Every structure is written in C-alpha cells, then in structure tokens.
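Visitor: I would like a short tour of this model, with the cut-offs stated. Where shall we begin?

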Amino acid sequence: MISKRMQTSLDNAVSIRDIFEEGKKLAKIYGKENIYDFSIGNPSVEPPAIVNETLKEILDTQDALSLHGYPSNVGHPEVRQCVANYLNDKYDMNYGEENIVMTSGAASAIALLCNTLLDYQDEVITFAPYFWEYKSYVETLYGVLVPALCDQKSLQPDEKTFREAFSEKTRIVLINTPNNPTGAVYTEESIKMVTDVLREMEKKYNHPIYLISDEPYRKLSYGIEIPYIPHYYDDTIIVYSFSKTLSIPGERVGYAALTPQMADCANVFAGLTASLRYMGYVNAPSLQQKMLLKCIDATVDVSIYEKNRDLLYNSLTDIGYECIHPDGAFYLFMRALEEDDWKFCQRAKEEKILMAPGKAFYGPGFVRISYCVPYKVVEDSIPAFKRLYDSYQVS
Ligand code: PLP
C-alpha cells in the first residue's frame, strides 16, 4: 500500500506523459508521420559533435577506476572551477569552486535547495504558469507552493499578484526564464521589479528570501538578451542544466551556482552537500561532469528551434489563433478555442494534434505546444491546425 500523500498526488496529477503515451499508440495506428505530437519537451536537435567525441576520448584515455569512482558529493573540484571560470568570464562574476555544486540536472538542484532551505510549511512563490513539477519538488519536502499569476497578456510577472503572495513564511522565490510553458523571457524591467520587491520583503520579514533562478533554457533564446539575475540581487542561486543546451536530458547533469555575496553562502553550500547524500542523489554522474571540461561552452544549433518557432507562430496567428510570441525555450503558449483547455486538447486529437493543456501548468484556458520536433512535423501540422480552427467557427 502506498502512502496517502502519494495516492492523493497520483489522483490529482494531470499527466502530460499520458498524452505522450497516447501519441505513441496513435502513431502505431495511423503512422508516425501522421501524428503531430507537440506534447513533451524532449530535445529534437542533435547534441553538438564535441559531446560524443569528448566522452569517447575520456573513456579511451582516463583511468577507469578513478573515472567511475565516487567523486566528492558536490562534484569534481576541477569541473566546479571550470563552471566558475566560465560564469566569471561570461557574466563578470567572482564565483569560486566553493560556490558551485554539480547536480543531476536542474530538477535535482531545485529539490536539493528545497531540502536545504525550507522548514515544514515554509512557502515558495513562483510565477504562474509554471513548470508543473515545481509543486512536486516543493510539496515532497513539506513546503507550500504559492503561485503568483503573471499578467495574462504579456505573461510577465505582475507586481500586484507578486506582492500579495508574500507572507512571514516565504523563504524562496522560484523563477524560470526563458519560461516553460510560455516561452516568455522575463524583461529587465520585470527582473528589476521582482528584485526590488524582494529586497523590500527581506527587510519587512527580517530574514533572507532566496531567489532561485531555474535556467535550463538560458541558451535557447532568439535574438534577445537575458538578464543575469545575480547582478540585480545578492541572495540569488542560479540553477542550470545541460539537458537542453547540449540535448542530453538522459545524462542528468547541471549545477547550482551560489552567489558569493549571498546570505549564509557557506552554510547553504554545506546544506546542499548533506542533501545530496540524504536525498540519495550522492553526486552528479562523474563521466558527464568530466565531459563539461571540454564542452562547457558548446550549444546545440539553436537556429533549428528558431525556424520551427517562426513557422509555427506565423502560421497559427495567420489562421486566427491567439498566441504569446515566444522569445525563448521551445514552447509556444496558445489560447484554447474553448474555455476548457483539456476538452480543446481532446478535440485537437481528432486532427491528430497532441498538445499539453494549460491547466497542468496553472495556466487554464491555454495550451502548450512543444515545438522541439522535426521541421516537417510543424509544416505538416499547419493544415490540421487550420481544420481545427475552422471546426470551431461553425460549431
Ligand atoms: N525546469 C524546467 C523549467 C524544465 O522545463 C525542466 C525540464 O523540462 C527542468 C527544470 C528539469 O530539467 P533537468 O533535465 O535539468 O532536470
């Protein structure tokens, strides 16, 4: 028998994986080329060649026992220094290896930080719509996720809802830009608003409130600057992942970068070190960490996603759909043609289009389209989107 807590969580889940699984069944019946599966965020662009070359070279040249042995929990020191150097060069920071913790992707970094920073029923504010797993990371560690609804037109953080979300129990504000599910990149104006309010709330409640910036899509932006948050707020922790930048989500590697000036920095580092053990992650995969020594600066060919974005956005808006222009990540957030976005997704399925309902991201009335698919899938899907649109004009 599983716990009541887990049973409730399973019963309430809106499973995007289920839609993905259904897509596979439909592909068997109608042929893969006739299903337009935009349900899930699995990278569709090849990893840069240097990734596999480096992995082979490491396997061929390095001592197997030390390569596959336990590194220190927070990661290989030379890898942490390499990450610090990269960030210092790129963003004019002063990180040292003592500020970098290697993690199994962004997911584990967020969970480890919740374990380190939250006491029972402490609160984490996040801007909605948000990546649905945030609720699981926070609630598994007995915290409470408090959504602050973004402005519904721009999908930028809204000052009023943000202010209203604070309480004595707020310990973390968790932001994600470029955003999953909306594709929005938070502007410098938004970041200044968020960090000004945070400073005010730290004074009001007289304790640190950490800003966790979840950035797996930082390098996936299209001609737009993404502010580097530690320049605006000292109590910032950057959570980064190579899952999307290098197209290696199955390899599980990322890091948390603690701003050297942040409150209680050394203690947070110690808490993360212990959490790696307590939560059973132990360390990020050793081989993948070593690969970063050569690949820290590599990136997938982002122009492939950009081409998909342009075709999809332009075609859908030409048809008459209302979409928020996505400046980053590989998601497009589109208004559903009926109030119930789940029903809209079901109806889209009749046209063999699979999308994720906005409800799953605390964004009801919208759907998320993941355009990390081959260009041909986007091209072929446009007539199906047109038929779907037309079907709503007559009914
Ligand atoms: N955060 C966001 C916003 C994501 O979209 C994802 C994955 O899709 C993650 C975190 C987790 O990524 P990782 O594979 O690095 O754990």
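Visitor: Which residue is the bridge partner of Leu332 in β12?

Guide: This is a predicted model, where local features need pLDDT of at least 70, side-chain atom pairs count only at pLDDT 80 or more, and totals for chains, interfaces and linings use all residues. Residues are numbered from 1 along each chain as its sequence is written, and side-chain values use heavy atoms, with hydrogens and water left out. β9 pairs with β12 (residues 366-370) in the antiparallel sense, over 5 bridges. In β12, the partner of Leu332 is Ile369.

Visitor: What is the strand order of the open sheet of 3 strands?

Guide: Strands are DSSP runs of E, at least two residues long, and helices are runs of H or I, at least four, both numbered from the N terminus. Two strands pair if DSSP finds at least two bridges between them. β9 (331-335) and β11 (356-357) each have a single partner strand, so one side of each is left without a neighbour in the sheet. Pairing is antiparallel, and the order is β9-β12-β11.

Visitor: At what angle does helix α12 run to β9?

Guide: Axes are lines fitted to C-alpha atoms, for helices over the stretch in contact (heavy atoms within 4.5 Å). Angles run from 0 to 180 degrees between N-to-C directions. Helix α12 (residues 302-319) lies across β9 and β12. Its angle to β9 is about 10 degrees.

Visitor: Which element gives the most to the lining of the largest pocket?

Guide: The search uses a 1 Å grid over the protein atoms alone; a pocket is an open set of points with protein on both sides within 12 Å along at least five of seven lines, and lining residues have an atom within 4 Å of a point. Of the 50 lining residues, the closest to the centre are Phe131, Trp132, Glu133, Tyr134 and Ser136. α1 (4-12), α2 (16-30), α6 (105-117) and α7 each supply at least two lining residues. The most, 7 residues, come from α7.

Visitor: What volume does the largest pocket have?

Guide: Grid points are joined across faces, edges and corners, and a volume is the space filled by probe spheres set on the points. By class, the lining has 24 nonpolar, 16 polar and 10 charged residues. Nonpolar means Ala, Val, Leu, Ile, Met, Phe, Trp, Tyr, Cys and Pro; charged means Asp, Glu, Lys and Arg; the others, Gly among them, are polar. The volume is about 1,600 Å³.

Visitor: How much space lies in the second largest pocket?

Guide: Of its 19 lining residues, Lys32, Asp37, Val373, Pro374 and Val377 are the closest to the centre. α2 gives the most to this lining, with 4 residues. The space comes to about 520 Å³.

Visitor: Which element gives the most to the lining of the largest cavity?

Guide: A cavity is a set of points where a 1.4 Å probe fits but cannot get out. The largest has a volume of about 80 Å³. Its lining has 9 nonpolar, no polar and 3 charged residues. With 3 residues, the element that gives the most is α5.

Visitor: What is the radius of gyration of the protein chain?

Guide: The chain has 14 helices and 12 strands. The globule rule (2.2 Å times the number of residues to the power 0.38) is compared with a radius taken over C-alpha atoms. For 395 residues the rule gives 21 Å, and the chain is close to that, so it is as compact as a globular protein of that length. Its radius of gyration is 21 Å.
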